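Hello,

Here is the structure I promised to pass on to you.

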Amino acid sequence: MQRLVLFDLDDTLIDRSGALVSWVTEFTARHRLGDHVRRQLIARLKDRASPAAFGEIRTEYCLAPSRDSLWREYRRDIAASVACSDAVLAGLAGLRASGWRVGIATNGPSDIQTAKLRAAGILEHVDGVCVSEAACARKPEVAFFVKAAEACDSSLSGGGWMVGDNPETDICGGQAAGLRTVWVSRDRHWPTHLAPPDRSVPNALAAIELLLNVDHSRGAA
Ligand SMILES: [Mg+2]
């Protein structure tokens with residue numbers, strides 16, 4: 001059976017946080033909102049951006065554009081600004097060439113997550129994509145990981161790996177689903193109150209190199 005690896009998208013394969021800060025900075029300047037609003041919006045949109053969130057932002061800050069217009073603008077701009085490095089794209093291709101089934105397991109609205117995957121060139125390098133909105137389940141729910149494996153024409157029964165930056169949704173969720181886990185630390189410390197991941201690496205490229213080694217050594221991490 002082919003090995004399965006699921007990758008988180010935001011802040012694992014692409015720098016969503018950096019794109020968000022740049023976008024909010026430009027947005028608040030354009031709407032003549034102060035720096036305190038800039039900080040508020042970054043915090044508010046950090047974990048989840050959605051049409052509903054932009055409806056609340058529109059009302060709270062008395063913005064003229066409609067909710068849907070604000071959401072479309074955000075979706076377009078963020079998708080245009082995120083990128084996946086050539087080295088990581090080549091790494092994903094290398095995993096598949098080595099016999100891995102490679103999937104994307106991401107929480108968020110389907111339209112923007114798909115737009116980011118397409119713009120970053122990731123879609124053509126994976127076997128399947130699972131987005132929470134379309135799956136009607138979210139990480140860390142086990143049901144989400146079941147659907148993510150199915151999207152790759154695979155299943156969790158053969159085990160597999162989850163790679164992500166979020167300790168709760170990616171790592172704890174992956175553990176609960178029976179997957180081995182690689183935490184993309186991005187220079188953070190692991191929260192000690194949680195069960196640790198199998199491996200920690202600084203970035204996605206290091207995770208890919210680790211998995212390619214696991215493959216070559218027949219399972220010994
Ligand atoms: Mg993430």
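Let me start with E133: leaving out residues up to four places away in sequence, E133 touches G108, P109, S110 and D111, where contact means heavy atoms within 4.5 Å. A polar atom of the E133 side chain lies 2.9 Å from the backbone nitrogen of S110. E133 sits in helix α7 (residues 132-135); helices (H or I, at least four residues) and strands (E, at least two) are DSSP runs, numbered from the N terminus. A80, by contrast, is 53 residues from E133 in sequence and 21 Å from it in space, C-alpha to C-alpha.

A word on how to read all this: the model is predicted, so local features need pLDDT of at least 70 and side-chain atom pairs count only at pLDDT 80 or more, while totals for chains, interfaces and linings use all residues. Residues are numbered from 1 along each chain as its sequence is written, and side-chain values use heavy atoms, with hydrogens and water left out.

S132 is also found in helix α7. S132 counts as buried, at 4% relative accessibility; buried means under 20% relative accessible area, exposed over 50%, and partly exposed in between (1.4 Å probe, protein chains only). Beyond its neighbours within four places in sequence, S132 is in contact with T106, N107, G108, A137, R138 and F144.

Another buried residue is G174, at 0% relative accessibility. G174 belongs to helix α9, and its contacts, apart from neighbours within four places in sequence, are F145, M162, T169, L179 and T181. Of these, M162 is 12 residues from G174 in sequence, and the two C-alpha atoms are 5.8 Å apart.

Now to the domains. The protein is divided into domain 1 (4-15 + 83-212) and domain 2 (16-81), with bounds that come from an automatic or database domain assignment. Their centres, taken over C-alpha atoms, are separated by 26 Å. On each side of the interface 13 residues take part: 13 of domain 1 are in contact with 13 of domain 2.

How much area do domain 1 and domain 2 bury between them? The figure is about 990 Å², with 54% of it on carbon and sulfur atoms; buried area is the accessible area (1.4 Å probe) that two parts lose on being put together, summed over both. In domain 1, the residues that lose the most area to domain 2 are D15, D111 and I112, together 42% of what that side buries.

The rule finds one salt bridge across the interface of domain 1 and domain 2, a salt bridge being a side-chain nitrogen of Lys or Arg within 4 Å of a carboxyl oxygen of Asp or Glu. R75 and D111 form a salt bridge, with their closest N and O atoms 2.7 Å apart. D111 is also one of the residues that E133 touches. By class, the side of domain 1 that touches domain 2 has six nonpolar, no polar and seven charged residues; here Ala, Val, Leu, Ile, Met, Phe, Trp, Tyr, Cys and Pro count as nonpolar, Asp, Glu, Lys and Arg as charged, and the others, Gly among them, as polar.

In total, the structure holds 16 salt bridges. One of them joins the side chains of E56 and R44 (3.3 Å, N to O). E56 lies in helix α3 (residues 51-60) and R44 in helix α2 (residues 35-46), so this pair ties together parts that are 12 residues apart in sequence. Both ends are partly exposed: E56 has a relative accessible area of 45%, and R44 has 28%.

D127 and R96 form another, with the closest N and O atoms 2.9 Å apart. Because D127 lies in the loop between α6 (110-119) and β3 (128-131) and R96 in helix α5 (residues 86-97), the pair ties together parts that are 31 residues apart in sequence. D127 is partly exposed at 23% relative accessibility, and R96 is partly exposed at 32%.

The side chains of D165 and R186 also meet in a salt bridge (3.3 Å, N to O). Here D165 counts as buried, at 9% relative accessibility, whereas R186 is partly exposed at 34%. Finally, D8, K139 and D170 are linked in a network of salt bridges.

Best wishes

Terms used:
A polar contact is a pair of N or O atoms within 3.5 Å; within protein, one must be able to donate a hydrogen and the other to accept it, and residues adjacent in sequence count only if both atoms are side-chain atoms.
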